[in-house]
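Me: I have a new model open and would like to learn how to read it. Could you walk me through it, one feature at a time?

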Amino acid sequence: MTTVQPVTSSQEGASAQEEIARRDAIIAHLEQENRLLREKIDLLVRRIFGRGSEQLDDNQLMLLLQGGDDGAKKDPASSASPGALEAEITSRGKQPKTSLPRKEREPRVPEHLPAVDEVIEPQEVIATPGAWRHIGEEVTEQLDYQPARFLRRRLIRRKYVRRDEPHQPPVIAPLSTLQERSIAAPGLLAQIIVAKYCDHLPLYRQEQICATRHGISIPRQSMARWLGLAADWLRPVHEAIHSGVMAGGYVQVDETPVEYLSPGNGQTKQGYLWACKRPGADVSFTWATSRAAQCLERIIPADFTGTVQCDGYQAYPSFARRSEGRVTLAACWAHARRKFHEAIQGAPQHAGWVLLQIQHLYRVEKQLRQARAGPRQRQARRSAESRMVVERLHRALTRLKRGRRHLPKSAMGRAIDYTLTLWPMLTAYLEDGRIEIDNNPVERAIRPTAVGKKNWLFIGEAEAGQRSAVLFTIIEACRSRGIDPQTYLRDVLTRLPSMTMRQIKDVTPAAWSKAQGPAAQRRAA
């Protein structure tokens, strides 16, 4: 017979305490999870409906630094108290602002346009012209436009035979065209390319425009074939541009997703346009159906030795490790700044302090750009002014991480982890004056492709992706030099059939612009 031991009041109290502690832990965990989820929701709302700019003026920074972070001490670093930071912002605000030289006002009607004179006579003079004497005139200038027009270009090649040798076969000039039996002339191809890749008009809209405004039926399938034909001819020019981008030992790389059709699946798949840019030079695009590290091995030449500036995507470190020391990586301070900008709501003082330090770095870069400093001067100025800010920022972030001031999954915790993980790459620009502080030049070069994706939505097929990359490269090379892409494409597509591979370097946008003389140089400036 078993005896039931009576439960004492002390045991009941201990078990109640354990239950209370267990429930308190659950509540604390749920509160923490709820706070993190709310932070993520606020961040998504700001991304969708908030302002896209990450700039903060001095008044906004002052408000952030005066507020306190929940559960954190006053200052993120012992060397930077709110009072010192307020004095720093105030003193900076008292500095005289340098005003840029005022730009000359351009004429309302450009003077280089051809003039069409239209004389308007008074009715009294028309009635009795002999009774009036002309003593002057008043000229009113207007800007007018004539719509583009189609025309039939007839290439007439006459045949000849020698008078003294009529039995010999006749002679005829060779036909120099992009493709035999194709009705698309270089001017029409240039127009279709510019309309799609510069003006971002899908082919079906171009088909409608031709039919409704000009009464000409050009199926979009024919336009797609012509685009492929033009891209194949322009591929050597693209390769010359890509070789020039990779020749300097420093290149910025980024990728942007683009949908493409997958036949047989009834849906689209995601490919990528990889952009490579050397600041101050061209940008070259390359198509790939993925964003794996193997793509970089195909894009970046095997003999490339130098620095690749990129974001924190893991494919880049993997590629650098495979390069056996030939490639070093540099990170982007704009990406790091964006992380802290997203953490302002949850940690206003700490995030505001970090943003202020990054603002110091960008102010130095702005002054260097205004002074048109070269690589040596940039490296010396960065060592004298930027390095101490970077070291102070590293000490502060390390203290915040060790002190566990912010949860690892919070926006501030993720920003700290991201920055410290990429720290050797973020400091690379201090050692080399050629390297920019961020990856913004290549991201600006990618921006026009994003406008196009909103209109034409996807690329026809995977093989057509590289054709788009070739044409985007040509268009952006013209845009960066102020060249009219239609004039350039019409001229180059006319000359390519009779050119050799050695002459390709003479028709790149850079060489073509120099050959056009001072007028093209002024437009580019």
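**Reading the salt bridges**

Reply: Gladly! A search of the whole structure finds 14 salt bridges, each one a side-chain nitrogen of Lys or Arg within 4 Å of a carboxyl oxygen of Asp or Glu. This is a predicted model, in which local features need pLDDT of at least 70, side-chain atom pairs count only at pLDDT 80 or more, and totals for chains, interfaces and linings use all residues. Residues are numbered from 1 along each chain as its sequence is written, and side-chain values use heavy atoms, leaving out hydrogens and water.

Me: Which residue forms a salt bridge with Arg 378?

Reply: The general idea is that side chains of opposite charge can pair when their charged atoms come close. Here, Arg 378 pairs with Glu 436, and their closest N and O atoms are 3.4 Å apart. Arg 378 sits in helix H12 and Glu 436 in the loop between helix H14 (423–426) and helix H15 (440–456), so the pair ties together parts that are 58 residues apart in sequence. Helices (H or I, at least four residues) and strands (E, at least two) are DSSP runs, numbered from the N terminus.

Me: Are Arg 378 and Glu 436 buried or exposed?

Reply: Buried means under 20% relative accessible area, exposed over 50%, and partly exposed in between (1.4 Å probe, protein chains only). Both Arg 378 and Glu 436 are buried.

Me: Where do Arg 479 and Glu 476 lie?

Reply: Both belong to helix H16 (residues 464–480), 3 residues apart, about one turn of the helix. Arg 479 counts as partly exposed because its relative accessibility is 39%, while Glu 476, at 8%, counts as buried.

Me: What does Thr 508 touch?

Reply: A contact means heavy atoms within 4.5 Å. Not counting residues up to four places away in sequence, Thr 508 touches Val 237, Ala 240 and Tyr 488. Thr 508 is in the loop between helix H17 (485–495) and helix H18 (509–515), and its 12% relative accessibility is why it counts as buried. Its side chain also reaches the backbone oxygen of Lys 505 at 3.4 Å.

Me: Where does Lys 409 lie?

Reply: Lys 409 is in the loop between helix H12 (375–402) and helix H13 (411–421). With a relative accessible area of 61%, Lys 409 is exposed.

Me: How many helices and strands are there in the protein chain?

Reply: The protein chain has 19 helices and 8 strands. Of its 525 residues, 39% count as buried.

Definitions and conventions
Polar contact = N/O pair within 3.5 Å; in protein donor to acceptor, adjacent residues only side chain to side chain.
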